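Welcome! Take a look at the structure below, and then we can walk through a few questions together.

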Amino acid sequence: MKTTMQMDSILEMVRGLSESEQSSIAESIMAMLAEQHPVAKATRRELIPESINEKPDCPHCGAKASMGLVIKKGSHKGAQRYYCKKCEKYFVSTTNTVFSGSRKSAATWREFIHLTIAGKSLPYCASKCELSYQTAFTWRHKILNAFVVNQKTTMMTGKVELDEMLIPISYKGNHIKGEGFFGRKLNADGSNSGMPRPSFERGSDNRPKSSNDKACVFCMVEDGDKSFYASVPGVGFMRPAMLDKTVREHINKDTAMMLADNYQATKNYLETNGYHYQTFYSNVSNNQNKHIPEVRGELHLQHVNAMHMHIRKFLGRYYGVSSKYLEHYVSLYIWLKAFCKSNQKYIEKSSVMRTAAQDCYITRNALEARPAVPCCA
């Protein structure tokens, strides 16, 4: 698969891929989601094929099949059923994956994933795969949730550029909920708008001016392009609790060198927690109309700033992403960026992705119960 090491935009890359290249990405995503090996006979087992001589580890308690804790125990709807001696639960290969409970064929899933990474609309995906709109919506976010889970294994050890960007909060998809949603108030005329705040009118004067009306997308890049990370830890500029949720969990304090801007909260956090860090001015030009970021040799924030621009372009293709699902699309961007940077790299990391995929299953009810506004738990 031909890709360039330096790409202007992940969006342009996806548009330029041939059918075979898009299929290659779809197959890799299937492998990540399925957590198993290629090709099996039964339609049900096509989703997560299994080797005759290998048993999967228990998805409930993590008991190792290699230690004799998992045995074959009959079949369920044409798929091999297993029994865990440790937790005394039954499971099949699709348990706790996005394919759990699915009655559709592997070909349908592959087609849907192909259309998703190509940026096709949900109505188009539903029509091509012969699904209802609600099923297509649920499938898309089950798949995207796997990319969020996959990022939990990211650990950076080198020179790490970090910075956040703010995106206006979108309540898309939440205004039809019943009374009491998010403690909303009535309109001035007493009518119920179904929104937690008045709608912003079109025009620059009505855009959200407070950082509390914007979701924070926090990004990190290791050694220019070695590895990438992005998440939506909350609302507004980074705070200690949000930095705990991102930096503390994904940075090796002993070996990493943190490169950040002069935002005081970030500086205080890095210093207080004993990180090695350097800070940079966002603009060193004396001309207010000219933007020149500070650069010290090979140390700068250019890569993470470029990622901000690419993420905005990538999100633009989906015509208004709800803040409720913003992290899903950001995680998809990160996976595609890393995959296209080095396909071989992700083949080598397949074992890590399979481990993460064990717990990537999420129900439709859990998706709908996500908070309308990103929050830092």
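H76 stands opposite A79 in β2. This is a predicted model, where local features need pLDDT of at least 70, side-chain atom pairs count only at pLDDT 80 or more, and totals for chains, interfaces and linings use all residues. Residues are numbered from 1 along each chain as its sequence is written, and side-chain values use heavy atoms, leaving out hydrogens and water.

Q: How many bridges join strand β1 to strand β2?
A: Strands are DSSP runs (E, at least two residues), numbered from the N terminus, and two of them pair if DSSP finds at least two bridges between them. β1 covers residues 70-76 and β2 residues 79-84, and they run antiparallel. V70 has C84 as its bridge partner in β2. The number of bridges joining β1 to β2 is 5.

Q: Which strands are the edge strands of the sheet?
A: The open sheet has 3 strands in the order β1-β2-β3, with antiparallel pairing. Each edge strand pairs on one side only, and these strands are β1 and β3.

Q: Which residue in the hairpin of β2 and β3 takes a positive phi?
A: β2 and β3 (residues 90-92) run antiparallel, joined by 3 bridges. The hairpin has 5 residues between the strands. The one with a positive phi near 60 degrees is E88.

Q: Is I292 buried, partly exposed or exposed?
A: I292 lies in the loop between β8 (276-280) and α9 (302-316). Buried means under 20% relative accessible area and exposed over 50%, with partly exposed in between (1.4 Å probe, protein chains only). Because its relative accessibility is 34%, I292 counts as partly exposed.

Terms used
Helix = DSSP H or I, 4+ residues; strand = E, 2+ residues; numbered from the N terminus.
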